[in-house]
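Student: I would like to learn how to read the strands, the sheet and the core of a protein model; could you take me through them in turn?

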Amino acid sequence: MTPTKITEDTFGTIQDPNTNKSETVRRFTLENGNGVIVQIINYGATITSLKVPSRDGQLSDIVLGFDNISGYLGQQPYFGATIGRVANRIGKGRFSVDGQDYQAPVNNGENSLHGGVKGFDKKLWEAKILQGNQLVFSLLSQDGDQGYPGDLIAQVTYELTADSQLKFDYQAVSTKSTPIVLTNHSYFNLSGHENADKKLEGHFVQLNCDNYTPLDGGLVTTGEIRPVEGSVYDLKSSTDLAGLLKQFPKGPNGYDNNFCVNRNQGESVRLAGRVQDKKSGRVLEVHTDQPGVQFYTANFLPDPEEQGKEPINGKGGAKYWKHGAFCLETQNYPNAVNHKHFPNAILKPGEVYRHAVIYKLFTVQ
């Protein structure tokens, strides 16, 4: 098999708010012999493009994003970004660690979302290429950053294999006990990002999850773990996603829920979810060692049925609308820092946070 190659160019410049200096945004292109091409920038350690062949060999970019850095600097829904320190929502932004209370910025109603006002998605990461086929991003988040305790060093390694697996390896260490939940926030449309105005037609979803964590009115987990059986959250069998979205009442009108990944004894990395696009034959499987996966159907992208709404203008003039994409964000259970019976979300000094993800990309007839 042809080995993966990594090349580097630039993706514009940004003004570093800490130094007031102009900094070049670096872009890296990972390419294997099967036609899969991934582009990642060091601003937010963000996946900006993921090109994958269809069953007929037609190459399409299957992630939403922007043509230049200015799009990522504006108000946008975390397209492709690395999220931290804590992905998802912390209720009212409040938590306690070792008997001390902390307050993270409130930036989503009365809650803190995806690390606060300036999370890891809005920082310039250090980047280097290892062994010719691994791309490593590193970030220092200082004590008190967005209200979180401890100097924390986070690292994410990307690797594209010859058999079209995109692997993520997250690691972190901290000088103080701190909550941490890292993830990637790519928005997928397997028929091509330019079709993000068609409500995921032809997409079929299957989650390896018997339970999910219900939400309160502010989209924060209540602490309950509930079986999916007999509900619209039962996605254990491959199901037409566009049809599912029509079953939701007005209001949430889509999925934005953490599902509890089934675990077999002795198993570390296991299947969390699988989505297939019938038209192109493309399949995305997400495998992880994390206990949860957030299934999100882009409910908060602009709604074409609401008067006066304008779409997000994406790559190549594409129009991005509500339900035009889906996310499968591997994670700990949301708000775990405030629910002691949820899996532990606290990283202590001397420990190493680890989080493995594999995106398996292939086609079926």
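Tutor: Strands (E, at least two residues) are DSSP runs, numbered from the N terminus, and two strands pair if DSSP finds at least two bridges between them. This is a predicted model, in which local features need pLDDT of at least 70 and side-chain atom pairs count only at pLDDT 80 or more, while totals for chains, interfaces and linings use all residues. Residues are numbered from 1 along each chain as its sequence is written, and side-chain values use heavy atoms, with hydrogens and water left out.

Student: In what order do the nine strands form the open sheet, and which strands stand at the edges?

Tutor: Strands of a sheet pair through backbone hydrogen bonds, either parallel or antiparallel. Here the order is E11-E12-E13-E14-E29-E23-E22-E17-E20, with antiparallel pairing. Strand E11 (126–130) and strand E20 (239–240) are at the edges, each with a single partner strand, so one side of each has no neighbour in the sheet.

Student: Is Thr 157 buried or exposed?

Tutor: Buried means under 20% relative accessible area, exposed over 50%, and partly exposed in between (1.4 Å probe, protein chains only). Thr 157, found in strand E13 (residues 152–160), is buried, because its relative accessible area is 11%.

Student: Which residues touch the most other members of the largest nonpolar core?

Tutor: A nonpolar core is a set of buried Ala, Val, Leu, Ile, Met, Phe, Trp, Tyr and Cys residues joined through side-chain atoms within 4.5 Å. Among the 59 residues of the largest one, they are Phe 137, Tyr 255, Phe 259 and Phe 295; E13 gives the most to this core, with five residues.

Methods. Helix = DSSP H or I, 4+ residues; strand = E, 2+ residues; numbered from the N terminus.
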